Amino acid sequence: MTTTVIRTGKRPGRRGGSHWWIHVVLGVGGFVMAFPFLWQIIMSLSTNAQVTSPTPVFWPGVLQWQNFAAVFERLPFLDQLGTSVYVTIIRTLAQIVLCTLAGYAFARMRFRGRAVLLAIVLSILLVPSQVYLISQYQIVQGLGWLDTLAGIVAPGLFSAFGTFLMRTAFLNLPPELEEAARMDGANPFQVFWRIMLPLARPSISVLAITTVLWSWNELLWPLVVSTRAEDMPLAAGLATLSSDRTIDYPVLMAASLMAMAPVLIMFVVLQRRVIDGLASSGLK
């Protein structure tokens, strides 16, 4: 006996048509999230009168490209860009080295006072950075590092967050790999460098990403330790544009876009690595 099954195709069609509203919701949500960035671009190409007008101007008409040229007249932009790049690179490399070493020591090594030292490091996460701002300033002042690159960089060479992140990453790795390497005659540093560190690359990527974003956007400490505009990073330099009685909002928005561009380009180029690193570490 032969049974013939007739498929009408209604269910696939109905199934596909039932999800159109998901695309609408996602599209609306994407536009809402992107609108502040689009509005910033519009403001940077408008006049100050249009920006401060009670009636919103959604298109400036004549695009004011001279606002971007005015940034170089109001700020030592290239000097501040170079300072931001140097600070970000030095801090990122230092945190990768110091936090991975500290995290591995706390996760895999046994030594006297380890629990106490770990508690002290983790307690830093509970204290706002503004609490020890004065003591940091006094140390930097005593070293003669005011208005210098070293004074801006020094407090960010190490972080409790990075140590905790790398400790968690090394704790999640199988201990059998470390034991096998030791049986083959590897010393502790070889175990760390050749076995454990390559396996912790996703967490290292997360540490590098968060350090880059934090260093690039840091505002309070550079404003405290540097007084000359040419010694400030971009985030602190942009703050000086809004310190006058009359704020030129188009120039400020243009400068913000120019300061945002390097990090945005880095994210676009390394988008897959950024997403994979965040997904592997579980950081949200």
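Pro-188 is found in helix α11; helices (H or I, at least four residues) are DSSP runs, numbered from the N terminus. The model is predicted, so local features need pLDDT of at least 70 and side-chain atom pairs count only at pLDDT 80 or more, whereas totals for chains, interfaces and linings use all residues. Residues are numbered from 1 along each chain as its sequence is written, and side-chain values use heavy atoms, with hydrogens and water left out.

- Apart from neighbours within four places in sequence, Pro-188 is in contact (heavy atoms within 4.5 Å) with Tyr-104 and Met-109.
- Pro-188 and Met-109 are 79 residues apart along the chain, and their C-alpha atoms are separated by 9.1 Å.

**Aromatic pairs**

- The structure holds 11 aromatic pairs; rings of Phe, Tyr and Trp (its six-membered ring) pair if their centres lie within 6.5 Å, and planes under 30 degrees apart count as stacked, over 60 as edge-to-face and the rest as tilted.
- The rings of Phe-35 and Trp-39 are stacked, because their centres are 6.0 Å apart and their planes lie at 20°.
- Both residues of this pair, Phe-35 and Trp-39, belong to helix α2 (residues 20-44) and are four residues apart, about one turn of the helix.
- Phe-35 is partly exposed at 34% relative accessibility, and Trp-39 is partly exposed at 24%.
- Phe-170 and Phe-192 form a tilted pair, with 6.1 Å from centre to centre and 55° between the planes.
- This pair links distant parts of the chain, with Phe-170 in helix α9 and Phe-192 in helix α11 (residues 188-199), 22 residues apart.
- Phe-170 and Phe-192 are both buried.
- A cluster of Tyr-104, Phe-170, Phe-189, Phe-192 and Trp-193 is linked by ring pairs.

**Nonpolar cores**

- The largest nonpolar core has 17 residues; such a core is a set of buried Ala, Val, Leu, Ile, Met, Phe, Trp, Tyr and Cys residues joined through side-chain atoms within 4.5 Å.
- Val-71, Phe-77, Leu-234, Leu-238, Leu-241 and Ala-255 have the most contacts inside this core.
- Helices α4 (66-74), α14 (234-241) and α15 (249-269) each supply at least two of its residues, and α15 gives the largest share, eight residues.
- A second, separate core of 16 residues includes Cys-99, Ala-107, Leu-165 and Phe-192.
- Not counting residues up to four places away in sequence, Val-71 touches Phe-77, Val-251, Ala-254, Ala-255 and Met-258.

**Gln-40 in helix α2**

- Gln-40 lies in helix α2 and is buried, with a relative accessible area of 12%.
- Beyond its neighbours within four places in sequence, Gln-40 is in contact with Met-253, Ser-256, Leu-257 and Met-260.

**The largest pocket**

- The largest pocket has a volume of about 610 Å³; on a 1 Å grid over the protein atoms alone, a pocket is an open set of points where a 1.4 Å probe fits, with protein on both sides within 12 Å along at least five of seven lines.
- Of its 23 lining residues (an atom within 4 Å of a point), the closest to the centre are Ser-129, Tyr-132, Pro-155, Ser-159 and Trp-214.
- Two or more lining residues come from each of α5 (77-108), α7 (133-142), α9 (160-171), α12 (201-217) and α13 (220-225).
- The largest share of the lining, four residues, comes from α12.

Technical notes. Points joined across faces, edges and corners; volume = space filled by probe spheres on them. Buried < 20%, exposed > 50% of the residue type's maximum accessible area, 1.4 Å probe, protein only.
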